[in-house]
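Good morning, colleagues. Please look at the structure on the screen, and I shall then describe how its parts are arranged.

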Amino acid sequence: MYDIPSEYPEDSSLPDEFHLFQSQLLRETFCPPMRERLGLRDTILNLSLMVAAGITLLWRQAPGVQELNRLLAREGLLWCHPTKVAQQSLSERFLVFPVELFKRVFKDLLP
């Protein structure tokens, strides 16, 4: 892990007792078994993928989520690698995805 200098001049800047275990703690916290125990889901349909999906939907004039899902599985979308997801999951994610985020992205992209 990275050694960040202390804000306190009197600190010796030696690693604390957890320094040697940081990578292990991070791995155990974010690997799938621990994520499940903590009730966390893997977020495949994250901000990056959803923005790529929204742009692709308009840019490629996909007739709907079914076609968009097919494109995602076969080709990937813009900067996202091909990924298989359930069409229902993609549809539901679009329904709850904050419109304000898409609005800001498109406002920045359009001339």
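Let me begin with one packing arrangement in this predicted model. Helix 3, residues 47-59, packs with helix 5, residues 87-96, at an angle of about 90 degrees, and their axes are 11 Å apart. Angles of 65 to 115 degrees count as roughly perpendicular, and helix 3 and helix 5 are therefore roughly perpendicular to each other. Helix 3 contributes Met 50, Ala 53 and Gly 54 to the contact, while helix 5 contributes Leu 90, Arg 93 and Phe 94. By class, four of these residues are nonpolar, one is polar and one is charged.

I turn now to the protein as a whole. It has six helices and zero strands. Of its 111 residues, 20% are buried. The accessible surface comes to about 9,000 Å², with 58% of it belonging to carbon and sulfur atoms.

How many salt bridges does a search of the whole structure find? The search finds three. In one of them, Glu 75 pairs with Arg 60, with the closest N and O atoms 2.9 Å apart. Glu 75 lies in the loop between helix 4 and helix 5, and Arg 60 in the loop between helix 3 and helix 4, so this pair ties together parts 15 residues apart in sequence. Glu 75 is partly exposed, at 44% relative accessible area, and Arg 60 is also partly exposed, at 39%.

Glu 67 forms a salt bridge with Arg 70, at 2.3 Å between the closest N and O atoms. These two residues are three apart in helix 4, separated by about one helical turn. Finally, Arg 104 and Glu 100 meet in a salt bridge at 3.8 Å, N to O; they are four residues apart in helix 6.

Technical notes. Residues are numbered from 1 along each chain as its sequence is written. This is a predicted model: local features need pLDDT of at least 70, side-chain atom pairs count only at pLDDT 80 or more; totals for chains, interfaces and linings use all residues. Side-chain values use heavy atoms; hydrogens and water are left out. Buried means under 20% relative accessible area, exposed over 50%, partly exposed in between (1.4 Å probe, protein chains only). Accessible areas come from the Shrake-Rupley method with a 1.4 Å probe; for residues, only the protein chains shown count as cover. Axes are lines fitted to C-alpha atoms, for helices over the stretch in contact, and angles run from 0 to 180 degrees between N-to-C directions. Angles under 35 degrees count as roughly parallel, over 145 as roughly antiparallel, 65 to 115 as roughly perpendicular and the rest as oblique. Contact means heavy atoms within 4.5 Å. Ala, Val, Leu, Ile, Met, Phe, Trp, Tyr, Cys and Pro count as nonpolar, Asp, Glu, Lys and Arg as charged, and the others, Gly among them, as polar. A salt bridge is a side-chain nitrogen of Lys or Arg within 4 Å of a carboxyl oxygen of Asp or Glu.
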